[in-house]
Amino acid sequence: MRTHYPRTVHLPWSPGATADDVRARGTSDLAGREVVVTEKLDGENTTLYADGLHARSLDSAHHPSRAWVKGLQGRIGAGIPPGRRVCGENLYARHSLAYEELDSWFYGFSVWDGDHCLDWDRTVDFLRRLGVPTPRVLWRGTYDERSLRRLRVDTTRQEGYVVRTTAGFTRADFGRYVAKWVRGSHVQTDTHWMYAPVVPNGLGPAAPLWAARSGAGPDVPGLLGALGWDAAPGAEAVPGAEAVPGAEEADAEAVAEVTARLDGAGRTGEARLAGILAAALHREPRAALAARLAAGPLGMPTARRVADLVGLYPALREPFPDAERRAGLVRMAAAADLGVLHALAAALPGGAAGRERVEWSALHAEEAGLLGPDPLGALRDGLREALAPLDPEAADRCWAKAREAFGRGGISTAEEAVAATWRWRDPGAFPRLVQLCGPSGSGKSTFARGLAGVDAYVALDDLRAARGARADQRANAEVLREGLDRLDRALAAGGTVVWDATSLTEQQRGLAGAVARRRDALVTRAVVLVEEAELVRRNAVRPHPVPAPVLTAQLRRFTPPYPGQAHRTWYIGAGGTIEDTAGGLGPRGEGEHV
């Protein structure tokens, strides 16, 4: 069934309303409600379905400007369930405004399930899974007319803005909960765009990323350019290193094979992009890759997923005891999309024996139901709903215990998970450990000193300073023993304890981890990912800089922990804030594959 998009009323102060438009008499229906204000784009209103599309008119005929969006619908239509439709703006043809740096020629702004418009956050999540961007958010908060009237709109480059409630609504309520502000004289051409030669709008540097998300053939040079990767992958990770001879051709073949496997598995959106980037950048050291990607347009969640794919895929090629395989795959599923991971391991260059092990692993994963986009989703969502009234940290602890039980085969449903975790629900029954991980100068201590509710702080640098000099590494063994003893006493006393050390490797992290397990503590690893150039800059101005060779050695040794190796993992960027969380049972989306 085809449905035309409703007419959007103008806000009372919109200067662009004409005699044919409908102007809202007031905004009382928005009062007290959370709203989101997005940029209004100057294109053609278009609705996409699983099996087709149309412009605002249901019988819209062919036009050259619609050819590209028809191709997009062909790529993403399979991801639109029956009864749903995606409404957005086809921006291929230039209308009154010229766009030069679009992320895509189609932006989605609402998703409908029958006569119900999804809430804004679910809309963004659904569209991102398809590989469709949304208009830029200009403001969000409880409706405040004064704030909206103060919004600055560059009318030479922006047509206006649209206000809608963040909550979903029915089609009958569309006129109450959606309104627009449009610039005056917004149609500034003498000839209607449909009767003029088609002039495409310009795409920006992020367009190859969105094209890959939406199912287009990967433009590897464009993708690397969007990430600011101006050298051949693998050539600059190690000073003085050169690209592997013939690697470019081999990598291009590998990217093509990975892409084909991802498409065969039905991966779209961020999962498809992450798999393609991991194939293109698989020669890069994982820690450096995560830090560099996180500083760019991908953001931390996708950056660390790409890096984790690069770090984990070789493990699928190694011998592994079948008796322990299910538990190992479940742990991997907490860190990576196993469908993407197996596609990567099968496609990248490697020996025949390794490929056979990957195929064997994939059979086990399929039998265990772990090859889907979010195999732990039903378990997590059911536990999240059941434990919603609980203290968040107690709920996170229960989720970690449920993952372990699921990996052992002890439980298989959310109901069983709820029943199996009752003993860990008392928030006062266990201590908490926050274990910092990252090279010197990455900002670990600054982040940790800002945490609220910390009862004890154990820093190895402080213990060295108490012995005479924090830079003196000669007594490291004694300092470590003293630190672990203090950690043990602090966890035994209860509360939240911070362990401040570089903790660069799993072996180093395991020392404090063993103490935490003995005290049955909730373990949160706080991983700080900062680019090497920024670390060098910070080190130069620190009160206690580490020698340059020491910092270089730390960067070479740094292997960030994977999700699932602790109850929770926080990922902290150069700005010193948590930019991603894995292992938590918090709001939907945290630590989940999108």
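## A buried ring

Phenylalanine 109 has a relative accessibility of 19% and counts as buried (under 20% relative accessible area, with exposed being over 50% and partly exposed in between, for a 1.4 Å probe and protein chains only).

The model is predicted, so local features need pLDDT of at least 70 and side-chain atom pairs count only at pLDDT 80 or more, while totals for chains, interfaces and linings use all residues. Residues are numbered from 1 along each chain as its sequence is written, and side-chain values use heavy atoms, leaving out hydrogens and water.

## Aromatic pairs

Searching the whole structure gives 10 aromatic pairs (rings of Phe, Tyr and Trp, the last by its six-membered ring, with centres within 6.5 Å; planes under 30 degrees apart are stacked, over 60 edge-to-face, the rest tilted). Tyrosine 5 and phenylalanine 109 are an edge-to-face pair, because their ring centres are 5.4 Å apart and their planes lie at 65 degrees. This pair joins distant parts of the chain, 104 residues apart: tyrosine 5 is in the segment before β1 (9-10) and phenylalanine 109 in strand β6 (residues 106-113) (strands are DSSP runs of E, at least two residues, and are numbered from the N terminus). Tyrosine 5 is buried too, at 9% relative accessible area.

Phenylalanine 169 and phenylalanine 174 also pair edge-to-face, with 6.2 Å between centres and 65 degrees between planes. Phenylalanine 169 is buried at 4% relative accessibility, and phenylalanine 174 is buried at 3%.

## Charges over rings

Arginine 84 sits over the face of phenylalanine 126, 5.0 Å from the ring centre (NZ of Lys or CZ of Arg within 6 Å of the centre and within 35 degrees of the ring normal). Arginine 397 lies over the face of phenylalanine 430, at 4.4 Å from the ring centre.

Conventions
Helices (H or I, at least four residues) and strands (E, at least two) are DSSP runs, numbered from the N terminus.
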